[in-house]
Amino acid sequence: MAAIIELDQLEVTLGRKVILNRLSATLTGKSIGLLGPNGAGKSTLINTLLGYYTPTSGTARVLGHDVRKDARALRSLIGFMPENDSFIAHMSGLRFVRMMAELSGLPPAQALERAHEAFYYVGMGEQRYRPIGGYSLGMRQMAKLAQAIVHGPRLVILDEPTNGLDPAARKRMIQLVKEIRAQEGTHLLVSSHLLRDVEECCDQVLILKDGRLAAFCDLEQERSANQHIFDIELAHNAGAFVEALAARGYQSAWSGNGRVRAVLPGSPEPLDLFALAAAQGTRIRSLERRRDSLEDLFLKAME
Amino acid sequence: MAVYNRSYQRYEGPLTKANTRFLALARYTWEEMRASRLLTPVLYVGFLWPLVCILGIYLNHNLDALRALQVNMSELFAIDTNFFYVFLSVQSTISFFVAALAGPGRISPDLSNRGLSTLLARPISRTDYVLGRMLPLVALLSCITWVPGLLLVAQQTSLAGTEWLGVNWRIPLALVVGGLLWVGLLSLLAMALSAWVRWKPVAGGAMFMIFFVGAGFGALLNQLLEMRWGHLLNVRTLMATVWAWLMEGQATGGAGFGLFYVFEQQEIPVWSAFLALAVMVAACVRLLAKRIQGAEVVR
């Protein structure tokens, strides 16, 4: 798969402080999550990818373009939704988004058509003629998304897309992000503090810490690697259940309070476990397919 | 994508040329400027004096009309450098008011809600951005100053013959070069003030301060220190000096008209006027660059 973002010993220094310290990674995912605590260098990385900051050393390539040499060409391929409010208050949403489309190279008629479509797509068709200054926080987030996708970019960079959204709006935003991800030839880079958002939207995650690469993981691989582990809670007689598992050659661990973690090879069927428990005169209260959550991965990376 | 079909589609259609995209921004700026209610009457005033001048040149060459009006030929004005000094001074004064009205609101709205960072995340450079915001103002001020001036020269040439142009070839040169210099300085100053001063009336007021308080301070320095270099702070005198040099090949005292004139016996060298104007332009560019560069990235 062609690399979307290639970082090779990328170093960015602002003033005298090294913000990004020799980052190397090749990101190929449809949707890439960018995680890290405050001050980890997430925003600096995004700004570098947009060509605002010049790397002190090393290289960064986005969609095959060097950020140092081809910043202009690069920006026509990228749609950027910034974290903070970034709009011209007196302009109507439609006019603002249309102007953004025109600045990205769309002819005026097509820009107008795409601006209308973008507003309908983000669910703000009725509000598109209102000045952006009068929008609520959630509406501004959606307007920011509209301006980021209006020109049909190949890479959409979303910086904290669910910031300030209520649960319903958050759900809508996540749904939109998933739909954009599903579009052929469109890739996403999502920076968020909310691990749940990244977990839902992304298939690769880059975790930064103090400007360094703390972890890089392929969430799909992580998920498939853990799919044979089950966390089981039994009503009673857990010892007999563990012995029965061992007799079948399954690995298991018993924590002593009715909880058992079992590793089942092959293609395990949860129903077999219920049958096994019944044979031992007990019953399963809860059964959960174990997978390392992004939180686990994140905490490991922060250690 | 139809509006009823809410699914995301990539854009695969034609694109405009990369180096002309700033014109899109210029078009939006122009539409915003046109929406100003105060600007329209000031613009009408800006076209009044050129109409009077057109009529004056026409009458100057129409003996039948002069006889009908019973006007004494000797009382008539000549179409020479003084005529164009008056024209340029009147139009430059009006263009100053237009710039003070229309200029200050151009950049500040982009900065107040960090809209600039979104604009510059598009494939346009900072120079493109400034050009896009400034071009409509430059065009508007040009339409008030040197463009009608050239029309007057063309009218005079067509009525008086090419011999007149041969003798007065410096006049169109002075109109274009001097006019563009004035328009460029005004526009850059308006942009720089718009970038640094959020409120339009305050930014407009700051323009008046620079043009009139600077001149007063310069005159005070001249009085106190018995010198003439204080006029370097007087933008109007600097412009008059440059115009006079362009029109006559020298900037003698008394040249100019209205607010734009060269002080008698206090002339400053032409090179120093050019230098002072260059410093002002450089300062405006530096101020603009600093402000825009600072607002480019949202931290």
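Predicted model: local features only at pLDDT ≥ 70, side-chain atom pairs only at ≥ 80, totals over all residues.
1. At 29% relative accessibility, Arg27(B) counts as partly exposed. Within chain B, Arg27(B) pairs with Glu31(B) in a salt bridge, with an N to O distance of 3.9 Å. Both residues belong to helix 1 (residues 22-34) of chain B, and because they stand four residues apart there, about one helical turn separates them. Glu31(B) is likewise partly exposed, its relative accessible area being 28%.

2. Arg27(B) also reaches across to the other chain, where its side chain meets that of Glu102(A) in a salt bridge of 2.8 Å, N to O. What else is linked with Arg27(B) in a network of salt bridges? The network takes in Arg95(A), Arg98(A) and Glu102(A) from chain A, together with Arg27(B) and Glu31(B) from chain B. Between chain B and chain A the count is three salt bridges, while over all chains the structure holds 14.

3. The interface as a whole brings 40 residues of chain B into contact with 47 residues of chain A. The two chains bury about 4100 Å² between them, and 54% of this area is on carbon and sulfur atoms. Tyr8(B), Tyr28(B) and Arg122(B) together supply 21% of the area that chain B buries against chain A, which is more than any other three residues give.

4. Polar pairing at this interface amounts to 20 residue pairs in polar contact, counted where both residues have pLDDT 80 or more. On the side of chain B that touches chain A, the elements giving two or more residues are helix 1, helix 5 (108-112), helix 6 (115-119) and helix 7 (126-144) of chain B. Helix 1 of chain B provides the largest share of that side, namely six residues. By residue class, the side of chain B that touches chain A divides into 18 nonpolar, nine polar and 13 charged residues.

5. Turning to chain A, the side chains of Arg22(A) and Glu11(A) form a salt bridge at 3.9 Å, N to O. Arg22(A) lies in strand 2 (residues 17-27) of chain A and Glu11(A) in strand 1 (residues 5-14) of chain A, so this pair ties together parts that are 11 residues apart in sequence. Are the two partners buried or exposed? Arg22(A) is partly exposed, with a relative accessible area of 47%, whereas Glu11(A), at 14% relative accessibility, counts as buried.

6. A second salt bridge within chain A joins Glu200(A) to Arg170(A), with the closest N and O atoms 3.0 Å apart. This pair links distant parts of the chain, since Glu200(A) is in helix 7 (residues 195-201) of chain A and Arg170(A) is in helix 6 (residues 167-182) of chain A, 30 residues apart. Glu200(A) is partly exposed at 29% relative accessibility, and Arg170(A) is buried at 14%.

7. Chain A also contains an open sheet of four strands in the order 2-1-4-5, with antiparallel pairing. Its edge strands are strand 2 and strand 5 (65-66) of chain A, each of which pairs on one side only. Strand 4 (residues 57-62) and strand 5 of chain A run antiparallel and are joined by two bridges. The bridge partner of Arg61(A) in strand 5 of chain A is Asp66(A).

How values were computed: Residues numbered from 1 in each chain as written. Chains lettered and ligands numbered in written order. Heavy atoms only, no water. Salt bridge = Lys/Arg side-chain N within 4 Å of Asp/Glu carboxyl O. Buried < 20%, exposed > 50% of the residue type's maximum accessible area, 1.4 Å probe, protein only. Contact = heavy atoms within 4.5 Å. Buried area = accessible area lost by both parts, 1.4 Å probe. Polar contact = N/O pair within 3.5 Å; in protein donor to acceptor, adjacent residues only side chain to side chain. Nonpolar A, V, L, I, M, F, W, Y, C, P; charged D, E, K, R; others polar. Pairing = 2+ DSSP bridges.
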